[in-house]
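These are my notebook entries on one protein chain. I set down what I looked up, in the order in which I looked it up.

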Amino acid sequence: MQYYGMTLALRDDPAAIARYKAEHANAWPEVLARLREVGVTEMKIFLLGTRLFMYCETVDGFDVAGDFARCSDDETYRKWDELMRTMQERVPEAGPGEWWATMECVFDLSWASPRAGVKG
């Protein structure tokens with residue numbers, strides 16, 4: 001399993017934010033199936049203000065740029081993506097050609113070990 005944190009912004013428009021949330025509450029079954037087909041095993045999207053954070057787990061060997069791009073081979077997924085992009089904006093930290101900006105993992109509880117001598 002591989003995992004990723006990614007970020008994107010929503011347009012600063014209450015109607016766009018409400019629609020984005022409503023669309024995701026009723027995500028299209030074909031889109032969910034396509035994500036699973038390309039290797040996404042888990043996805044969660046969080047929102048604070050206009051900033052989105054996506055946590056994504058994938059199969060081993062998943063390539064963020066290539067495998068997410070393969071989603072667009074499906075016409076229904078492409079329509080979903082086009083609709084979502086009407087409500088989204090790239091973040092300033094995004095790299096060239098990046099829509100969802102990949103974040104660096106700086107902490108994972110599974111990496112941590114208790115400090116010697118520390119009493120709970």
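**Entry 1: Arg85.** I located Arg85 in helix H4, which spans residues 75-85. Helices here are DSSP runs of H or I with at least four residues, strands are runs of E with at least two, and both are numbered from the N terminus. The model is predicted, so local features need pLDDT of at least 70 and side-chain atom pairs count only at pLDDT 80 or more, while totals for chains, interfaces and linings use all residues. Residues are numbered from 1 along each chain as its sequence is written, and side-chain values use heavy atoms, with hydrogens and water left out.

Buried means under 20% relative accessible area, exposed means over 50%, and partly exposed lies in between (1.4 Å probe, protein chains only). I also looked up the pair Arg85 and Leu10: they are 75 residues apart in sequence, and their C-alpha atoms are 8.9 Å apart in space.

Entry 2: Contact means heavy atoms within 4.5 Å.

**Entry 3: H2 against H3.** Helix H2 (residues 29-38) packs with helix H3 (residues 64-71) at an angle of about 145°, and their axes are 9 Å apart. Axes are lines fitted to C-alpha atoms, for helices over the stretch in contact, and angles run from 0 to 180 degrees between N-to-C directions. On the H2 side I recorded Arg34, Leu35, Glu37 and Val38, which meet Asp67, Phe68, Arg70 and Cys71 in H3.

**Entry 4: the whole chain.** I read 4 helices and 5 strands in the protein chain. From the N terminus on, the order of elements is β-α-α-β-β-α-α-β-β. Of the 120 residues, 32% count as buried. The C-alpha atoms fill a box of roughly 55 × 35 × 30 Å, taken along the principal axes.
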